[in-house]
Amino acid sequence: MELAFNITHRAGAGWYPAEPMGIRVPDYIATIKPYPPGKPLEELEREYGITDSIKLASNENPLGTSPLALEAIRSNLKNLRRYPDGSGYYLKRRLSQRLGVEEPSIVLGNGSNEIIDLVIRTFVQAKEEVLMSEPTFLVYPLMTQAVGARAVKVVQKHFAHDLEAMAKAVTQSTRVVFLDNPNNPSGTVIGRKEFERFRNRLPGDVIIVLDEAYMEFADPEQTITGLEYLNGAPPVISLRTFSKAHGLAGLRVGYGVMPPEVADYLNRARQPFNVNSLAQVAALAALDDEEFLQETQKVVREGLAFLYGELAKLQLRTHPTQANFFLIEVKHDGRKVYEAMLRRGVIVRAMNSYGLNNYIRISVGRPEENQRFVDTLKEVMAELE
């Protein structure tokens, strides 16, 4: 039996039914521009006729995955017929010990992205406001629009959050403020005095989310963390992930730390079994793999120093970062540079979707990958001149 149905929406009309048979789609859903995912590496190689490509586009761990995490995954494959631990008991207990926070303050997520979604769905209603920088992580406005709320964007100042302007943008409709720290895509961080001044100016019922996905790469003397501000008002949520420094991006496991009262509401909206079994055991093992974490941090630090120096020789402007990625002003359309690099087997990120049309962003790779990137970019820049 073949079923056919129409999906129709009308801008500004809210719910709009399709006739004679159809489904109703809210205008704010129908007009979402989905997050732009990259193609699988294998498909890019097939499409462009290349082999032995390197990917420096997604801020992934240059060394791969924590060996202790891999061993934990192998040891637990036999348990896949069982549902995951819905409470995340062992992982939350270990995080509690490591971070010095109460277990009821921790909410586990299918990546920290799920915590972002949970915060918005739990605390923001249609037509209310979520405050963020511009540019910033593209998921914030996407998830805000998905509940019919309004994303209020404040233009950054010198590629950093303009907290003074953001404080002025807060209204009676503001429910949540997102601050990615380090910022994505610039890698800048927030200082203590400026954050505390900003927090003190906000109403007590506005939630501040500090998205700290790259905090393991930041200099602790130059920035704050949300873990320092779990008491008092406005409430602060600290988001962390195992995707970057621990190399578990493919398993999707992250967490938020927040006042227990806030965590209680998120857990009411959270899906049961939202973090799979292998993700939990891998994250638990990765927390104890200090050797892998320290080697990752070392490779990133040394890679940044090398790349800054080589790009300066090409007279290209780079932006100092506290993350494992950074911005490069390439003097040409970022998409053209991306395409030219891709044809040579080097995958970078064009920043056009962030409104930075003359920029690319790259992740730090292994030494041989960094050298190949520099050599390839030199060829591309000469080609585009």
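**A pocket and a sheet**

The second largest pocket is lined by 20 residues, and those nearest its centre are Lys33, Leu138, Pro141, Leu142 and Lys153; a pocket here is an open set of points on a 1 Å grid over the protein atoms alone, where a 1.4 Å probe fits, with protein on both sides within 12 Å along at least five of seven lines, and lining residues have an atom within 4 Å of a point. This is a predicted model, in which local features need pLDDT of at least 70 and side-chain atom pairs count only at pLDDT 80 or more, while totals for chains, interfaces and linings use all residues. Residues are numbered from 1 along each chain as its sequence is written, and side-chain values use heavy atoms, without hydrogens and water.

Two elements, α6 (139-146) and β6 (150-155), each give two or more residues to this lining, and α6 contributes the most, with 4 residues.

Elsewhere in the description comes an open sheet of 4 strands, ordered β11-β12-β15-β14 with antiparallel pairing, where strands (E, at least two residues) and helices (H or I, at least four) are DSSP runs numbered from the N terminus, and pairing requires at least two bridges found by DSSP. Its edge strands, β11 (317-318) and β14 (349-350), each pair on one side only. Strand β14 is joined to β15 (residues 359-363) by 2 bridges, the two running antiparallel, and arginine 349 has arginine 361 in β15 as its bridge partner. Helix α11 (residues 290-313) packs on the sheet, touching β11, β12 (325-329) and β15, with contact meaning heavy atoms within 4.5 Å. The direction of α11 makes about 5° with that of β12, the axes being lines fitted to C-alpha atoms, for helices over the stretch in contact, and the angles running from 0 to 180 degrees between N-to-C directions.
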